[in-house]
Amino acid sequence: PLNILEDKYVKKGFSAQLMQNLRSVSRTLYNHVDKLVVNQFGKGLKKYTATNLKASSSVTIPKIIHQVWIQGEAHLKQTNVHLYKMMEGWKIAHPDWKHILWDSNSMRNLLLTDGLISWALKVYDRLDHFIKKVDFFRYLVLFRFGGVTIDMD
């Protein structure tokens, strides 16, 4: 994928040095994935698939839209009206889908109480930036409930 990006950006005038730096940063990030996250997620997935999944010839995505706004819906409505309207637009466009807006409290509560993903709380607490926690959580809710995650913007 980086070669494709390189071709695109070199043609736009980005320097070879900048592209080299991008490759280096990309490799560093890739090579320093938190091993605990990988190990714990793998263990949880193995446990879940061994006990809960059945062979099926057809797979359907549950009609659930997951979105995250860490301060909650009231804060979103008061401080970011345009994002709130976009969120409401998803509900209007997909009235037969369940919509869940997760905030920091509901995220933590799910990790504390849901037996299938409670193993992930240790990993979640070790992540040093909230955006990492949000990204990790998005994978967890898809793993646990299915559906789709949609950014607020």
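I take helices (H or I, at least four residues) and strands (E, at least two) as DSSP runs, numbered from the N terminus. On that basis I find 8 helices and 3 strands in the protein.

My ground rules come next. I am working with a predicted model, where local features need pLDDT of at least 70, side-chain atom pairs count only at pLDDT 80 or more, and totals for chains, interfaces and linings use all residues. I number residues from 1 along each chain as its sequence is written, and my side-chain values use heavy atoms, with hydrogens and water left out.

Reading along the sequence, I get the pattern α-α-α-β-α-α-β-α-α-α-β. I looked up burial too: 30% of the 153 residues count as buried (under 20% relative accessible area, with exposed over 50% and partly exposed in between; 1.4 Å probe, protein chains only).

Then I checked contacts (heavy atoms within 4.5 Å). Among those with a separation of 6 or more, 67% link residues 24 or more positions apart.

Now for helix α5, residues 81-93. I see 13 residues reaching 18 Å from first C-alpha to last, close to the 18 Å expected at 1.5 Å a residue (the expected span is 1.5 Å times one less than the number of residues).

Which residues of α5 are buried? I find Leu 83, Tyr 84 and Met 87. Down the axis of α5, its buried residues fall within an arc of 105°, so they line one face of the helix (the arc is that of the directions from the helix axis to the C-beta atoms). Their cover includes β1 (64-68), α4 (73-79) and β2 (98-102). On the face turned away from the buried side of α5, I note exposed His 82, Lys 85, Ile 92 and Ala 93.
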